[in-house]
Amino acid sequence: MEYKKLINIIENKEAKVVVVGLGYVGLPMAAIVASRGYFTTGIDINHDIVNKVNNKKSPINEPGLEEIVYKGVEAGRLRATVEASEIRNSNVVLIIVQTPVDENKEPCLEALMSATKAVAENISEGTLVVVESTIPPGTMRNKILPVLASSGLKVGTDFFLANSPERAIPTRTLEEIQINSRVVGGIDERSAELAGVFYENITSGEVYKDAVEIVEVVKLIENTFRDVNIALANDVALLCEALGIDAIKAINLANKHPRVNFHMPGAGVGGHCIPKDPYFLIKEAEKHGVNLSVIKASRERNSNMPYHVLEKLKNALKKQGKDIKESTVAVLGIAYKGNVDDVRETPAEPIIKTLMKSGVDVFSHDPYVSQDFGGKFSNEIKTVVKNADALVIVTDHDEYKKLDFGDLRLLMKDKAIILDGRRILNPEDIKRLGFIYYGIGC
Ligand code: SAJ
């Protein structure tokens, strides 16, 4: 009975939706759900986020987000609160909170479990609960289900439970939530069915249903695929540097093969997902006596890239007769990737901190981020590069691709070096402006 009623109200948009966690994915998701006509409430423990949303503002820099938040709140279909009791009045609950790793790279599920506990304490009969957070294998059945079942409600009849990991890429989050295909793992068939119906109302992409145990792993191997491929590109970069040829030229030509599609080498792999998700697999495999050596080696290659940048910088300065310890270095980009304001696991952190430790005079810049990792920081590019011996590009912000490097050259010291950690510049153009050019992979 509850099942049929729930299908009906999801289909005719009468279901009330609660999104627990208004972060980089939770808020865009809540705003999209509201735009589909569902009355949507976002819950977050952070008062600032809640206040911003209720004031029709976006707390994060994501293209189009503020507009859709504005429209949702204005129309009375979207609101935010810190009160978990709001869950009582809902029919669909989406849990979208962070699942980081601790210092030993073990999964840290505190936020997820505390959100689940809040749901268990407030869940009413006839509710669909979907976890969108990325989780280690087995989490849904072994950890989430027992907590929700402690409410006294029975899964499969009184409430329904599914996992449908988000798949949206920052800078295109809104678009990707609405067009990407989606995998839905149900704890039972009815749960998969219900969650499937809900996501068919959210995305125009295919919705694939399978067992929850499969879907948990799907998300992890997606991000691991990317990490391993980036590591391969970084290996190629190191090889080409040693051979004195340009890795990007080699990669672009290799990609002309119909079955080859290299990722890009770079100063490091950051973000809240790719540097972390492979550990969920590595640690789980270890419990079963399996050594995921390729995945481990890839993680190591990628997490060493910031130190490779530092080594390259040191050698480049030395070649010009400069000691890195007495040099001034401008770091362009704090965010973990282009056009985002997110600094989680950013390669800029080890780069800046290691430079600072060696006594280097560091001046960093980012158009979107105001946080720095020590040294001097400014959002004004000319202030940052003034009198620098070297300029290191850590983040591929579009703004950096459009800079007038001729102008910047005039502000810098003699024998000015550019180290392009994201290969966004044309080496020949940069050399013509009088710079000594270095890039990852050449
Ligand atoms: N990077 C490279 N070389 C590349 C691509 C990326 O060095 O060829 C670097 C970036 O500069 C960045 C890091 O890797 O520092 C990660 O960036 P990303 O754009 O690959 O990924 P995220 O973390 O922003 O988003 C990923 C996406 N996963 C996949 O594409 C498989 C996204 O779809 C997921 O939703 C997201 O992780 C997540 O939340 O799991």
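**Notes on the fold and surface**

1. Eight strands make up an open sheet of mixed pairing, ordered 3-2-1-4-5-6-7-8. Strand 3 (78-81) and strand 8 (207-211) are at the edges with a single partner strand each, so one side of each has no neighbour in the sheet. From one strand to the next, the twist averages 25°. Strands here are DSSP E runs of at least two residues and helices are H or I runs of at least four, numbered from the N terminus; two strands pair if DSSP finds at least two bridges between them.

2. A word on what you are looking at: this is a predicted model, where local features need pLDDT of at least 70 and side-chain atom pairs count only at pLDDT 80 or more, while totals for chains, interfaces and linings use all residues. Residues are numbered from 1 along each chain as its sequence is written, and side-chain values use heavy atoms, with hydrogens and water left out.

3. At one end of that order, strand 2 (residues 39-43) pairs with strand 3 in the parallel sense over four bridges. Thr40 has Leu78 in strand 3 as its bridge partner.

4. Two helices deserve a look. Helix 6 (residues 139-149) packs on the sheet, where it touches strand 5 (127-131) and strand 6 (159-163), and its direction makes about 155° with that of strand 6. Helix 9 (residues 212-243) lies across strand 6, strand 7 (182-186) and strand 8, at about 120° to strand 8. Contact means heavy atoms within 4.5 Å; axes are lines fitted to C-alpha atoms, for helices over the stretch in contact, and angles run from 0 to 180 degrees between N-to-C directions.

5. Elsewhere, strand 9 (residues 328-332) and strand 10 form a parallel pair over five bridges, with Val362 in strand 10 as the bridge partner of Val329. Is strand 10 (residues 361-365) largely enclosed or open? Four of its five residues are buried, so the rest of the structure largely encloses strand 10. Buried means under 20% relative accessible area, exposed over 50%, and partly exposed in between (1.4 Å probe, protein chains only).

6. Finally, please check Thr171, in the loop between strand 6 and helix 7 (173-179). Thr171 is partly exposed, at 24% relative accessible area. Leaving aside residues up to four places away in sequence, Thr171 touches Glu62, Pro63, Gly338, Asn339 and Val340. The C-alpha atoms of Thr171 and Leu65 are separated by 10.0 Å, although these residues are 106 apart along the chain.
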